[in-house]
Amino acid sequence: MLKEDCASDLKVHLAQSLPLPSNVTRPRIDLIVFVVNLHSKYSLQNVEESLRHVDAAFFLGKVGFLATGAGRDSHCSVHRNTVLRLAQAYRSPLLFCDLEVDSFRVSMAQRLVRMLQVCAGHVPGVSALNLLSLMGSSENPSAEGL
């Protein structure tokens, strides 16, 4: 993501889980992306536990889900529909990607940067509240869409 051309200053903070330490000063948080590795049930459990620490107001367009490992269904420990239901329950966009494929990784970074720009208010005429409708339907993700 940091390699993408972005008009504003882009800062990415990675965390294994939430809550974040409260004794640290950090910049404003414009977007939270929960990453679920479809090959790890622990990953899903960690995301579900972390969701409890996010203020309800953040779910108004500033939270998204990224399901990784989507290119190899035969190795999945977490079914795609489980993650889809989670995203639907929180009314948040869901992206599927196989991060092991370079072209998919680059494309996903571009999409995430665009989501971040919308959430940060850097795209005129587009609100974070519109993000889910702008993302299109993730109801039936296909392998071709990865």
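1. Asp30 is buried, with a relative accessible area of 12% (buried is under 20%, exposed over 50%, partly exposed in between; 1.4 Å probe, protein chains only). This is a predicted model: local features need pLDDT of at least 70, side-chain atom pairs pLDDT 80 or more, while totals for chains, interfaces and linings use all residues. Residues are numbered from 1 along each chain as its sequence is written, and side-chain values use heavy atoms, without hydrogens or water.

2. Which residue pairs with Asp30 at 2.6 Å? Arg28 does, in a salt bridge, 2.6 Å being the distance between the closest N and O atoms (a side-chain nitrogen of Lys or Arg within 4 Å of a carboxyl oxygen of Asp or Glu). Arg28 counts as exposed, at 61% relative accessibility. Asp30, in contrast, is buried.

3. Asp30 also meets Lys62 in a salt bridge, N to O at 4.0 Å. This pair links distant parts of the chain, 32 residues apart. Asp30 lies in the segment before β1 (32-37). Lys62 lies in the loop between α1 (41-51) and β2 (63-68) (DSSP runs numbered from the N terminus: helices H or I, at least four residues; strands E, at least two). Lys62 counts as partly exposed, at 22% relative accessibility.

4. Another salt bridge joins Arg52 and Glu49. Their closest N and O atoms are 2.3 Å apart. Arg52 is exposed, with a relative accessible area of 63%. Glu49 counts as partly exposed, at 35%.

5. Which residues form one network? Arg28, Asp30 and Lys62 do, through salt bridges that share partners. The structure holds 4 salt bridges.
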